[in-house]
Amino acid sequence: IITPGTGFVRDGMTASAAANHTFQHLGAYAAKYALCLVTEEAYCDEKSPLWGSKPVVLAHDELFFQVPKATMGAAGKRICELMRHALKTFCPDIDVPEPEPAYCSYWYKRAILVKDEAGNPVPWVPVDEAGAPIEWAP
């Protein structure tokens, strides 16, 4: 298979691997490119809101970064901008929704964007049925 847009050549696959490749290849390239863009700003651009952030994990279509609390709102917005740019670079024909950041002290798949009364992002904390915070324990 030669993938249009990247020129990536892949051979010797099973049928299911070939089907998966054509389905997810460009999205995987976009995720890796987004990681590169965000990491470059975090380490090389002192004027970026990402300055001082550190990459932690790239899991499929999610980037996990440690960001300073003082700049977390601007950093989350910038990460979303760069992720959208990366996806449009490899998949220009796809209508890309705006990504939305979630701010957490630890990863949780169902984390959502939470804001305080002034509209500033605050770290999301999971709660039980009664609304009490669930404490994380290793």
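1. Glu-81 and Arg-78 sit three residues apart in helix α2, so about one helical turn separates them. Helices here are DSSP runs of H or I with at least four residues, strands are runs of E with at least two, and both are numbered from the N terminus. The side chains of Glu-81 and Arg-78 meet in a salt bridge, 3.1 Å from N to O. To count as a salt bridge, a side-chain nitrogen of Lys or Arg must lie within 4 Å of a carboxyl oxygen of Asp or Glu.

2. Before you go further, some ground rules. This is a predicted model, where local features need pLDDT of at least 70 and side-chain atom pairs count only at pLDDT 80 or more, while totals for chains, interfaces and linings use all residues. Residues are numbered from 1 along each chain as its sequence is written, and side-chain values use heavy atoms, leaving out hydrogens and water.

3. How many salt bridges does the rule give? The count is three. One of them joins the side chains of Glu-41 and Arg-78, at 2.5 Å from N to O. This pair ties together distant parts of the chain, since Glu-41 belongs to helix α1 (residues 15–44) and Arg-78 to helix α2 (residues 72–90), 37 residues apart. Glu-41 is buried, at 13% relative accessible area. The cut-offs are under 20% for buried, over 50% for exposed and partly exposed in between, with a 1.4 Å probe and protein chains only. Arg-78 is partly exposed at 25%, and Glu-81 is partly exposed too, at 35%.

4. Now look at Glu-98 and Arg-84, whose closest N and O atoms are 3.1 Å apart in another salt bridge. Here again distant parts of the chain are linked: Glu-98 is in the loop between α2 and β3 (114–115), and Arg-84, 14 residues away, is in helix α2. Glu-98 is exposed, with 57% relative accessible area, whereas Arg-84 is partly exposed at 25%. Back at Arg-78, shared partners join Glu-41, Arg-78 and Glu-81 into one network of salt bridges.

5. A disulfide needs two cysteine sulfur atoms within 2.5 Å. Cys-91 is also too far, because its closest cysteine sulfur, again in Cys-36, is 16 Å away. The disulfide count is therefore zero. Cys-44 is exposed at 58%, but Cys-91 is buried at 10%.

6. Finally, find Trp-124 in the segment after β4 (121–122). Is Trp-124 buried or exposed? Trp-124 is buried, at 13% relative accessibility. Leaving aside residues up to four places away in sequence, Trp-124 touches several residues, among them Tyr-103, Tyr-108 and Arg-110. Contact means heavy atoms within 4.5 Å.
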